[in-house]
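Student: I would like to learn how to read a model like this one. Can we go through it feature by feature?

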Amino acid sequence: MRGFTRLRRVGLPYLLLLPALLLELLVHLVPMVIGIVMSFKELTQLHIAHWGAAPWKALGNYRVTVDFDAPVGATLLHSFVVTCAFSLLTVGLCWLLGTAAAIFLQENFRGRGLLRAVFLTPYALPVYAAVITWAFLFQRDNGLVNHVLHDQLQLTGDRPFWLLGDNSFLALLVVSVWKTWPFAFLVVMAALQSIPKDLYEAAALDGAGIVRQIRRITLPSLRPINQVLLLVLFLWSFNDFNTPYVLFGKAAPEAADLLSIHIYQSSFVTWNFGTGSAMSVLLLLFLLVVTAGYLLATSRGRKSDG
Amino acid sequence: MRILRAATVTATVTALAVVAAGCGGGTSFDDGGSDDSPGTLTYWASNQGPNVEADKKILGPELRKFERQTGIKVKLEVIPWPELLNRILAATTSGQGPDVLNIGNTWSASLQATGALLPWDRKNLDAIGGRDRFLAPALEATGAAGKDPAAVPLYSLAYALYYNKRMFQEAGISKPPATWDELVADGKRISKDGKWGLGAEGGQLTNNIHQAFALGKQHGADFFDRTGKPTFTSDGAVAAVKQYIDFMAKDKIIAPGNAEYGQNQSLRDFATGRTAMVLWQAAATTFAADGMKPGDWGVAPVPVPSGTPGTGRQINSMLAGINIAVFKNTRNLQGARKFVKFMTSDTEQRLLNKTYGSIPPVKAAQQDPAFNRKDTRVLRETLIRSAAPLPQIAEESQFETSVGTAVKDLFADAAAGHPVTTASVKARLAKAQQQMAQ
């Protein structure tokens with residue numbers, strides 16, 4: 001009897017966790033394992049109907065993927081560089097904008113609520129609708145962007161293209177920052193609420209100005225939140241699929257060829273799921289390394305602070 | 001982790017489907033069709049009308065007619081074009097597809113290679129009235145040569161040259177161009193004061209391919225050799241693509257802004273009198289929707305070098321259209337065949353093609369006067385005389401993407417004022433070809 005009670009005490013939590021565990025297995029782990037298996041197979045249209053029986057290709061898919069002298073590898077490497085630049089810029093700009101706006105909105109003034117609501121709109125809009133609107137704004141001949149820059153302000157000599165050529169990187173960055181920064185704003189704003197007001201009062205009494213207060217009190221207090229925020233923003237923008245897909249369609253211009261689109265094209269448009277899976281696995285490994293390295297570095301920093 | 005999820009989405013579907021169906025690794029396709037559920041059919045229709053709702057309205061009464069005749073209820077789903085191929089792919093991997101479906105006819109050989117579609121062997125074709133009922137060129141776009149068709153032609157289309165009569169008159173041009181030289185000359189006379197000679201959809205990969213393919217034929221290039229190897233950098237292919245891009249880069253009869261068009265904006269430009277010509281498949285209904293009267297525009301065959309469309313180097317259109325196919329693992333093979341027979345019957349062919357502005361691939365149905373109006377006559381004659389199917393090879397969809405993207409990039413170069421030379425065209429096509437060979 002006592003044995004049974006003990007069994008129940010020890011076993012019950014596991015029993016309760018079981019459904020979640022099963023779901024997690026089914027929804028995340030199984031597909032991940034299948035994805036990894038796929039990356040070792042030759043999965044073109046000739047084999048997808050019987051993909052379980054598709055011929056093994058050993059490391060063939062990986063070899064093609066990382067052969068940077070051949071077109072598949074070369075474009076992947078290019079896409080990787082573009083994605084890194086895009087993500088770092090997006091994260092940096094989103095963080096700057098979000099933090100500045102959050103600090104600015106700490107003061108109580110008229111219209112603060114309205115401004116907060118306005119700042120959060122991009123976050124609340126359906127991504128597809130928002131990005132397609134941007135695509136219209138960026139049109140060369142009828143878009144608002146050129147209407148303002150060229151027709152009204154006459155800043156450009158000729159109407160530039162925004163969705164073709166090198167400018168497309170800029171267009172993508174603008175839309176991405178516009179869409180993502182409200183999240184940074186929201187998180188930082190929430191974090192600011194938790195900093196005790198008396199810290200600022202004490203600092204003010206000691207004669208610290210606003211800049212000094214931000215540097216000495218606000219930023220250090222935000223640190224734990226920022227560490228998570230920056231990581232999440234980075235992972236999001238690194239994996240962003242919707243923005244480039246809606247903005248450019250299946251074939252993004254070279255300058256804005258993000259990895260997500262690139263992998264999508266490799267697997268779903270050119271029907272080579274094996275190569276696409278290999279690229280996904282490499283990307284996953286890269287992000288795991290980056291995340292682990294980042295977490296390690298930041299936690300070490302925290303310890304030495306403490 | 002969104003990417004990983006995207007890459008494994010098919011895997012999930014498959015895994016779940018395998019569990020649900022209680023069978024291993026997609027073996028279901030080996031069984032062929034059966035007749036376990038003779039009472040119902042599911043039908044995936046491609047979006048042919050102005051929108052999905054319109055298609056439901058058009059097809060609904062016909063499906064009820066079919067139900068009255070056979071007692072088989074058809075569950076209809078209309079699928080927009082951007083989604084259709086991915087949906088078919090997912091259905092193929094999971095084995096959980098519809099019984100009957102529409103496919104773009106250029107995908108025939110690609111989908112045939114998956115082994116998921118019912119082959120239309122002699123017996124199956126005889127069940128719907130036999131091979132001879134169909135237009136021979138349309139049958140060519142139903143799968144690889146020498147194999148049983150993977151689908152049956154349903155709606156056929158071809159390209160024609162649409163021109164704005166008033167703009168032609170104002171420029172003092174009395175008849176539509178028959179050769180490319182005439183087209184360029186006419187275009188140059190029109191292209192001024194914000195008006196342009198020709199429209200293009202530089203960002204639409206499939207349209208790019210269609211134009212490059214027809215021009216390629218005229219330069220004696222096929223984009224693939226007899227063994228199915230890509231030959232994108234052959235002199236003919238390079239010359240064809242360069243000729244198309246040069247309408248913008250050198251001749252300057254296409255507005256640079258067209259380089260980023262991908263949502264049929266060129267048709268709107270045509271309807272609003274900003275562009276005098278477009279090369280399009282059955283554009284009449286779109287022009288009407290944009291406020292043009294039938295008398296405002298004329299239709300002529302797409303130009304050819306000699307002025308007389310025909311075979312070989314006088315091909316002036318890809319053979320466009322929709323095929324109807326049956327999923328091999330259907331649980332209602334009899335019903336599916338009956339439904340295909342119904343949809344390809346003379347009556348339905350006349351009715352549906354008339355509504356959609358396409359041409360019936362069923363010869364008997366073409367006799368209807370609706371297919372002898374000036375615009376439909378041009379399309380019909382092109383189909384019979386001077387249209388050729390895109391290469392019917394398993395890698396067709398890769399071809400569309402890789403060469404379509406190369407043309408898009410070249411248009412972007414031309415629009416930005418970068419020089420477009422034989423060498424630069426060849427380089428882009430070489431890259432596309434290398435991507436095919438991965």
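Student: How far apart are the end C-alpha atoms of residues 80–294 of chain A, and how much of the span is helix?

Tutor: Helices (H or I, at least four residues) and strands (E, at least two) are DSSP runs, numbered from the N terminus. Here the ends of residues 80–294 of chain A lie 19 Å apart, C-alpha to C-alpha. The span is 76% helix and 0% strand. UniProt lists these residues as "domain: ABC transmembrane type-1", in an unreviewed entry. UniProt positions are given in the numbering used here, feature names are shortened, and annotations may be inferred rather than shown by experiment.

Student: What ground rules apply?

Tutor: This is a predicted model, in which local features need pLDDT of at least 70 and side-chain atom pairs count only at pLDDT 80 or more, while totals for chains, interfaces and linings use all residues. Residues are numbered from 1 along each chain as its sequence is written, chains are lettered from A and ligands numbered from 1 in the order in which they are written, and side-chain values use heavy atoms, with hydrogens and water left out.

Student: Which residues of chain A does UniProt annotate as "transmembrane region"?

Tutor: The unreviewed entry gives residues 12–37, 80–105, 117–137, 169–192, 221–238 and 277–297 of chain A. Take two of them. Residues 80–105 of chain A are 96% helix and 0% strand, with end C-alpha atoms 37 Å apart. Residues 169–192 of chain A are 100% helix and 0% strand, and their end C-alpha atoms are 33 Å apart.

Student: Is A:T99 buried or exposed?

Tutor: A:T99 counts as buried because its relative accessibility is 5%. This residue sits in helix 3 (residues 71–104) of chain A. Contact means heavy atoms within 4.5 Å. Not counting residues up to four places away in sequence, A:T99 touches A:V188 and A:L222.

Student: And what does A:L137 touch?

Tutor: Beyond its neighbours within four places in sequence, A:L137 contacts A:G143, A:L144 and A:V145. A:L137 lies in helix 5 (residues 127–137) of chain A. Its relative accessible area is 25%, so A:L137 is partly exposed. The C-alpha atoms of A:L137 and A:H147 are 9.1 Å apart, and 10 residues separate the two along the chain.

Student: How many residues of helix 11 of chain A are buried?

Tutor: 11 of its 11 residues. Among them are A:H262, A:Y264, A:Q265 and A:F268. Just after helix 11 of chain A, A:W271 takes a positive phi of about 55°.

Student: Now the interface. How many residues of chain A are in contact with chain B?

Tutor: 48 residues of chain A are in contact with 50 residues of chain B. Buried area is the accessible area (1.4 Å probe) that two parts lose on being put together, summed over both. Between chain A and chain B it is about 4300 Å², and carbon and sulfur atoms give 62% of that. A salt bridge is a side-chain nitrogen of Lys or Arg within 4 Å of a carboxyl oxygen of Asp or Glu. Across the interface of chain A and chain B the rule finds 2 salt bridges. On the side of chain A that touches chain B, the elements that give two or more residues are helix 1 (2–38), helix 3, helix 10 (242–248), helix 11 (259–269) and helix 12 (273–305) of chain A. Helix 1 of chain A gives the most, with 8 residues.

Student: Which side chains meet A:E254 in a salt bridge?

Tutor: B:R428 does, at 2.9 Å, N to O. B:K431 forms a salt bridge with A:E254 too, the closest N and O atoms being 3.3 Å apart. B:K431 lies in helix 17 (residues 422–436) of chain B and A:E254 in the loop between helix 10 and helix 11 of chain A, so this pair joins two chains. A:E254 counts as partly exposed because its relative accessibility is 38%. A network of salt bridges links A:E254, B:D409, B:D413, B:R428 and B:K431.

Student: Where do B:K65 and B:E348 lie?

Tutor: Their side chains meet in a salt bridge (2.8 Å, N to O). The pair links distant parts of the chain: B:K65 is in helix 2 of chain B and B:E348 in helix 14 (residues 346–356) of chain B, 283 residues apart. B:K65 is partly exposed, with a relative accessible area of 23%, whereas B:E348 is buried, at 1%.

Note on methods: Buried means under 20% relative accessible area, exposed over 50%, partly exposed in between (1.4 Å probe, protein chains only).
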